[in-house]
Amino acid sequence: MDPAGVFAVRYAQDRALLRTRKQWLALAIFLAALALLPLVVGPRLIAVANIMLISAIVVVGLQICTGYAGQVNLGQAAFMGVGAYTAAVLAEKTGLSFLLTIPLSGVAAAGFGFVFGLSAARIKGFYLALTTIAAQFVFHFAVLNLPGSWLGGSNGATVPPATLFGYRIASDTSLYYLCLICTVIMVCGAFGIVRSRFGRAFVAVRDDDVAAGIMGINVVATKATAFLVGAFYAGVGGALWAYMLRFVAVDQFTLFNSVFFIAMIIVGGMGSVVGALIGVFVIRAIQELITTLGPELAASLPFLGGDIVFASMNVFLGGSIALFLIIEPKGLMHRWNIVKAGYRLWPFPY
Amino acid sequence: MIIDFVNYAINGALLGLLYALIAMGFVVIYRASKVFNFAQGELVVLGGFLQWWMVVSMGLPMIVGIPLAFVLAGVVGLLIERIFFARLVGESVFAMVMVTIGLLVLLRGVVLVAFGPQVRPFPIVFPLQPLVIGELMIPTNLLWGGVLTVLAAIGLSWFFNRTRTGLTMTAVAEDHQVALSMGISVKRSIAFAWILGCVLSTLGAVVFLSGKSLNFLASEIGFAALPVALLAGLESIGGLLLAGVIVGVIQGLATAYLDPLVGGAVGSVLPFAIMLLILLVRPTGLFGWRTIERV
């Protein structure tokens, strides 16, 4: 809903994502704040911000695949892993610049995702979700059983730092800017995709795939495209992950991580790019809080033992998924939209 | 040589029947609520820990402790329905399945908080010595497990296909709204599904873990049983027996003959390859229902 007094008089205005000068201003201030963040907060929080930005890319991809196209994807972490390993191998073996390896990692992951998306030709609904679990197992099996000189097997693989014109992007701050630029590009792309012809096809397939097919949408191609796009985002996120940690191992990309990503879109709100970003921020912030407070908590309550951190993370994550689905299935974004509509209409009820 | 082959095949088949027993948890919950339960493996672990708690930790004699653990498992199933699914009746099945994904991590957390990550000894329910017939060696727990699986499959098959209560639950699996409008209580059906699912998972845990060690990683059997459930088709209980034997024999022979050639782990991935193949060729499995979709 637009603020009072704002009416679209041209098609371009109707299509625009940002309708008013104030919205442009708000976005500019927000981006400036993100760009200036390293000047304000310490390196510890910047490292957290890097993880948030990378998760944001991966989760926006999952949002397109699951939130917009309705294809439950439990293999997003595996797709991310394919991207991370591609970046690691390309950077280590061929010495390509990160400007090339990051998009190529996306392409590799997209190819892997597309294969599983193609099974949509025969399979639908939750059977399709099961094949994405198979993606997770195939990824683990492949990494651990391919010759150790290729991917490093169970030892993992090291990644050389990204360099640009001789400058090493290795510190947390420089990585932050790399991640920030990538995230901005990918999120802009997501906004473009979801309001394009493809995005509308995704939504139609999500709402009813039989009806969408009758209306002339190629359902199988749409589902496969959704997986392709979602996996591309995961691959880009994975490449950044590889450059951030400078080390990739198969246990960084487990089914548990995939469930984490799903929790983020459920908490943020299905079918909304901004919702995905909110979900990433909220879940990662609470996760960070538990990790920071966990040792103190374990120290003050010794009878619980030191493993309480990981355990309580599980309880929190599973609990928040179930709680949101029961109480607010549309996520935090929906709540925020209600508040926004409320203050725009005030003092009138509608 | 030939006796080795028979040995591997028989052991594989019995292991397959164990998978079928675990997979029965998937199928029962699906048959009575239309929900695919991603948390099956965690239910097995929970059942295992309940047994450990009753028999080892509390020190109850096995004849009392084991039935008590089954009762507790049923209570857990009822609690899961009351806390989560009773509030979701009328919502989309999608939301319910997403809740089971939440349960997957929630139950793991609960098990870790309640019982810790340590490896625990599981009570020896079935004798450890294998049964020896000529040159055949058959593990006793798997043999008993196979017998129990067959009995459970026959009983549940009869229940779901022949009794009035079972048929009303089948209607719930067909469509929640239609079932509600026919006067069938979807809520009660889902409660029954989860109680039965939890009890079957506990039975699976007893067979699987008897005399072994137990920690939260045992939940992997849940996903290992997935190919069996899909090969049979998620709606068929009797079909699980055949599907379990097929997957088990293939896995047993692959582990015995292919693993040494390529260096391991083929046996554990092959079922997933079979699963993908089945889904592509015959998405409803061998005995699943063919659904007709209307707009």
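Guide: A residue is buried if 20 or more other C-beta atoms, placed from the backbone, lie within 10 Å of its own, exposed if 12 or fewer, and partly exposed in between. This is a predicted model, in which local features need pLDDT of at least 70, side-chain atom pairs count only at 80 or more, and totals for chains, interfaces and linings use all residues. Residues are numbered from 1 along each chain as written, with chains lettered from A and ligands numbered from 1 in written order.

Visitor: Which residues of H15(A) are buried?

Guide: Helix H15 of chain A covers residues 331-345 (helices are DSSP runs of H or I, at least four residues, numbered from the N terminus). On its other side, Ile338(A), Val339(A) and Gly342(A) are exposed. The buried residues are Gly331(A), Leu332(A) and Met333(A).

Visitor: How many residues of H2(A) are buried?

Guide: H2(A) has 20 residues, numbered 21-40. It lies largely in the open, because the number buried is zero.

Visitor: Which element gives the largest share of the side of chain B that touches chain A?

Guide: In total, 34 residues of chain B are in contact (C-beta atoms, placed from the backbone, within 7 Å) with 36 residues of chain A. Helices H4 (93-115), H10 (226-232) and H12 (266-281) of chain B each give two or more residues to that side. The largest share, 15 residues, comes from H4(B).

Visitor: Leaving aside neighbours within four places in sequence, which residues is Ala23(B) in contact with?

Guide: Sequence neighbours within four places are left out here. What remains for Ala23(B) is Ala225(B), Val228(B), Ala229(B) and Leu240(B).

Definitions and conventions. Contact = placed C-beta atoms within 7 Å. Expected span 1.5 Å × (residues − 1).
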